[in-house]
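User: I am new to this structure and would like to learn how to read its features. Please begin with the packing of helices.

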Amino acid sequence: MRTKLILGTAMALFAAGPALAEDMVFTSWGGTTQDAQQEAWAVPFAADHAGVNVLMDGPTDYGKLKAMVEAGSPVWDVVDVEYDFAVQAAKEGLVEPVDFNVVDRKAIDPRFVTDHAVGSFYYSFVLGYNEGASSEPPASWADVFDTDKHPGKRAFYKWSAPGALEIALLADGVAPKDLYPLDLDRAFAKLDAIKGDIVWWGSGAESQQLLASGEASLGQFWNGRLYALQQEGAPVGISWAQNLTAADMLVVPKGAKHKDLAMQFLARATSPEGQAKLAELTAYAPVTPAAQKLMDEATVKGLPDQHTEGQIDLDMAYWADHRGEIADRWYAWQAQ
Amino acid sequence: MAHGPSTMPAHGLPAAGRAPSLRRWDGLGYVLPAFLLLAFFFVLPVVALLLRSVLEPTPGLENFAKLLTTPTYAQVFLNTFTVAGVVTLASLLAGFPVAWLLAVLPGRWAAFLFGVILLSMWTNLLARTYAWMVLLQRTGVINRALMDVGLIDAPLPLIRNLAGVTIGMTYIMLPFVILPLHATLRAIDPAVLQAASLCGANRWQAFRRVLLPLSLPGVAAGSLMVFVMSLGYFVTPALLGGASTMMLAELIAQLVQSLLDWGMGGAAAFVLLVVTLALYALQVRFLGSGRMTAGGAG
């Protein structure tokens, strides 16, 4: 994909002379999601801005992002990051403040916009299961911890991030309103009980492979990845009970070369049209409420915002404050 | 493998007078590009990373103290040395017979076998590791076959644990122990084995008392190479291992990429570098620096 774009750019450079073409770089997590972001945002953006190419890069790598900013010459202009990282990055001065003269802040769901980041899309962690694995479909997070009723491996997100600890606490009977501050001792104790049955997935594609192949019977998944599996006809089911919302955010690295273009790109990405198109392609929910009106009924039905009953918002402010200490403990526990 | 340590110039001292030693530096200009490349793209970044280990978040040795006192990191060190040790041993045991076969086979067959080994070595590492995932996982080829035949009821845990890492890495490291071993074994005069058997040694005695001692330089070179390479391995342990078999390279990647803790990452990288250099020093001390390359080229 990238090679093709670069080739195209190179040819454009030869044809038009070096001064005309501007290459901004958009970085995301690859796979089906980034393909959708390219189609929904980058292609129309480039069409609207003569002489601008939007190159794709990825996957997002926080270490690289930090190195680029520290070196003073970020190659990336817009980066898709996890919400808790976006908050931390703003604190560490790694990202530019969003120019709200260009981006319409009021149009975005206030849950998914900060001074330094705008929502990319929002998604839910849901209970996914392989339909062949168990006679009775699992219905709650507690079922994920019941190895007698539902044998087989459990898939969980590998990296320290909002989600798995909350799931453990909910399964242990903690009421949603009492989740925060997280009782880490209790959460780790709960996870400990099934630790030998956990397989960790580090990427969306890996999670799909684990569940579709039956390597894992059930577990914690991004709703969009399960949607994609179902579209392909894989025997995969979803339980939306107590689905946990989180979001990806778009940030502009400090000192980005095409900062102005990047801000316009954020505006395009968060526009109702951009959000509606992305939702249609990915089954992730739009961060801009007005996008709903532009979407067909079938698309709307598959979105996390249709499952608000019992839905829980992961507390990103809490996570941003405790990201480091939880990570230390998470990786220590994993490695034991 | 004709170069013994005795023929190596000792500590760079001129062997005979001043003029030859000067002449030896004549070619210096030609190595300059390679030297500069290494200096700018290897030495400089490494030094920069190491500096961070003593400067971030505050100047001092606290990163190293944390690295050496935190149980998690101790576990990672233990994992790293365990895996490297087990893989080295397994590669030696599996590689020795192959190296011997290569040494005694007639030319054309040996060339064929060499081709197979080198082909596996040149095949993309990631592709080979993924192939092992397909074979080893719970729903993989091996477990399915064993369950279909009725030998086992539940899948064997062959992946995301030490077994998976050992199998995958041994396979990848085999050529690096076979090649130096083969060079050593080929240089052994077959007549000494005949002599042993004429003197009444049985096969085991001939192997243990004659062949094995003579092949020790190759064994040492191959083992060190595999051990050192294994210490810093990333892809295969990351894909075939589990969270509890994390090795140093994975830890460094995690510290740098996910936690943005470059001070700790630098400290871990420094420890890995020191251990590697120490092992290299051992090798130079006991085998001479020419040994491994001579063996590897064989």
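Analyst: Two packed helices are described by the angle between their axes and the distance between the axes. In this predicted model, the crossing of helix 2 (residues 31-48) of chain A and helix 11 (residues 272-282) of chain A is right-handed. A crossing is left-handed if the near helix is turned anticlockwise from the far one by less than a right angle, and right-handed if clockwise. Helices (H or I, at least four residues) and strands (E, at least two) are DSSP runs, numbered from the N terminus.

User: At what angle do helix 2 of chain A and helix 11 of chain A pack, and which residues make the contact?

Analyst: The angle is about 145°, and the axes are 9 Å apart. Axes are lines fitted to C-alpha atoms, for helices over the stretch in contact, and angles run from 0 to 180 degrees between N-to-C directions. Among the contact residues are A:Ala36 and A:Trp41 of helix 2 of chain A, and A:Leu278 and A:Leu281 of helix 11 of chain A; residues are in contact if their C-beta atoms, placed from the backbone, lie within 7 Å.

Residues are numbered from 1 along each chain as written, and chains are lettered from A and ligands numbered from 1 in the order written. Because the model is predicted, local features need pLDDT of at least 70 and side-chain atom pairs count only at pLDDT 80 or more, while totals for chains, interfaces and linings use all residues.

User: Is strand 4 of chain A enclosed or open, and why?

Analyst: All 13 of the 13 residues of strand 4 (residues 118-130) of chain A are buried, so this strand is largely enclosed by the rest of the structure. A residue is buried if 20 or more other C-beta atoms lie within 10 Å of its own, exposed if 12 or fewer, and partly exposed in between, with C-beta atoms placed from the backbone.

User: Which strands pair with strand 4 of chain A?

Analyst: Two strands pair if DSSP finds at least two bridges between them. Strand 8 (residues 236-251) of chain A is antiparallel to strand 4 of chain A, with 11 bridges; there, A:Ala247 is the bridge partner of A:Tyr122. Strand 7 (residues 218-222) of chain A also runs antiparallel to strand 4 of chain A, through five bridges, and A:Phe221 is the partner of A:Val126.

User: How many residues of chain A are in contact with chain B?

Analyst: On chain A, 17 residues are in contact with 16 residues of chain B. Helix 13 (316-335) of chain A gives the most to that side of chain A, with five residues.

How values were computed. Two residues are in contact if their C-beta atoms, placed from the backbone, lie within 7 Å.
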